[in-house]
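Please walk through this predicted model region by region, beginning with the ligand and its contacts and then turning to the strands, the loops and a helix.

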Amino acid sequence: MDNFLEVSNLSKSFSGFWLQNISFSLPKGYIMGLIGPNGSGKTTTIKLILNMLKRDNGEVKVVGFDNITDEKAAKANVGAVFDTNYFCDEWTVTQVEAAVSVFYKNWDKNKFSELLKRFHIAPTKKVKELSKGMQMKLMIACAFSYDAKLLILDEPTSGLDPVSRDELLKILSEYIEDGEHSVLFSTHITGDLERTADYITYINYGKLFFSGSKDEFTDMFRIVKGGRNELTFNLSEKLIGVRNFSTGFEALIRADDLKQFSHLDVEPATIDDIVVFTNQEGEHYE
Ligand code: ADP
Ligand code: MG
């Protein structure tokens, strides 16, 4: 099996929000970043994958298992990390292990205790005494101790200090090194993606904007700059999220659209540029 996650035509509507026919796949051995502005449907997508929300339409396969008809097998292969922990605050780390391990036949006690050492988590500590970064690591230690093939994290780096963020991203990179694991993590911190992600899925207000390799994503766009007199109607039509200055303009453009405007100043676009320009005020990219 080549894909550890396959999402096909996934849809869900709430009043005032429609997650619309989202399809993407994540190959085994890679890290995918799920991006999009707040309210775009990242958490909804993750909850639908984990079958924590009822979908309206579509299909999800987790490590080859249908997330509904084969829910048990799907759950045994996936680890989920949310930005608020799902353990009781009063539990000690040892009690967390006791509670979680019963759900997994292949729970590896030694591995869990090694991971606690590595992450500097004392087994006697109560969950509420752990920092946010520590709680995140505890959830990761659990997932690693039953050898979850696919790890899904919702905004794992938000609210972490730079050192903990760096550590977390390293842990994720190491986890996929053997080619037998995959990671999907949502983030609005594009720096995390530049460093860690192989693939990007960008959801913009419920619609899939892009899913593919990170390089393909940045190669699709350029930043163009020019003087006011260069901003012709033909060009304006092609620009995404124009910024006007007294002397000129700056905008995002699809690389394919650039060919007709070869006289303009062009720079490569970063992930940040793409996300920012496609979300300029009042402009929901269709
Ligand atoms: P993101 O994680 O990208 O910030 P979410 O998936 O949390 O976005 O939310 C997408 C949209 O769906 C938002 O407009 C949010 O208000 C709405 N939404 C999320 N969960 C529910 C729910 N349980 N009931 C109603 N609306 C919801
Ligand atoms: Mg969210």
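A backbone N or O atom of Gly 41 lies 3.0 Å from an oxygen atom of ligand 1, a polar contact in the sense used here, namely a pair of N or O atoms within 3.5 Å, where within protein one atom must be able to donate a hydrogen and the other to accept it, and where residues adjacent in sequence count only if both atoms are side-chain atoms. Side chains contribute as well: a polar side-chain atom of Thr 43 is placed 2.8 Å from an oxygen atom of the ligand, and for Thr 44 the distance between a side-chain N or O atom and an oxygen atom of ligand 1 is 2.5 Å. Taken alone, ligand 1 exposes 560 Å², of which the protein buries 57%; such accessible areas come from the Shrake-Rupley method with a 1.4 Å probe, and for residues only the protein chains shown count as cover.

This is a predicted model, in which local features need pLDDT of at least 70 and side-chain atom pairs count only at pLDDT 80 or more, while totals for chains, interfaces and linings use all residues. Residues are numbered from 1 along each chain as its sequence is written, chains are lettered from A and ligands numbered from 1 in the order in which they are written, and side-chain values use heavy atoms, with hydrogens and water left out.

The surroundings of ligand 1 consist of Phe 14, Phe 17, Pro 37, Asn 38, Gly 39, Ser 40, Gly 41, Lys 42, Thr 43 and Thr 44, a residue being near a molecule or strand if one of its heavy atoms lies within 4 Å of it. This shell divides into three nonpolar residues, six polar ones and one charged one, where Ala, Val, Leu, Ile, Met, Phe, Trp, Tyr, Cys and Pro count as nonpolar, Asp, Glu, Lys and Arg as charged, and the others, Gly among them, as polar. Its largest share, three residues, comes from helix α1 (residues 42-49); helices (H or I, at least four residues) and strands (E, at least two) are DSSP runs, numbered from the N terminus.

Which strands, then, pair with β8? Strand β3 (residues 31-35) pairs with β8 in the parallel sense over four bridges, and strand β7 (residues 150-154) does so in the parallel sense over five bridges, with two strands taken to pair if DSSP finds at least two bridges between them. Phe 185 of β8 is the bridge partner of Gly 33 and also the bridge partner of Leu 153. Strand β8 itself (residues 182-186) is mostly covered, five of its five residues being buried, that is, under 20% relative accessible area, with exposed meaning over 50% and partly exposed in between (1.4 Å probe, protein chains only). In a regular strand the side chains alternate between the two faces of the sheet. Here Ser 182, Leu 184 and Ser 186 point one way from β8, Val 183 and Phe 185 point the other way, and all are buried.

The loop between β8 and α7 (190-196) contains Thr 187, which counts as buried because its relative accessibility is 0%. The side chain of Thr 187 is joined to that of Asp 192 by a polar contact of 3.2 Å.

Elsewhere, four strands form an open sheet in the order β12-β13-β11-β14, with antiparallel pairing. Strands β12 (240-244) and β14 (265-268) stand at the edges, each with a single partner strand, so one side of each is left without a neighbour in the sheet. Between strands β11 (residues 221-227) and β13 (residues 248-254), which run antiparallel, there are seven bridges, and Gly 227 stands opposite Gly 248 in β13.

Most residues other than glycine have a negative phi. Val 63, in the loop between β4 (57-62) and β5 (65-66), has a positive phi near 50° and is buried, with a relative accessible area of 6%. Tyr 205, in the loop between β9 (199-204) and β10 (207-213), likewise has a positive phi, of about 45°, but Tyr 205 counts as partly exposed at 33% relative accessibility.

Helix α6 (residues 162-176) holds Glu 167, partly exposed at 30% relative accessibility, and Lys 170, partly exposed at 49%.
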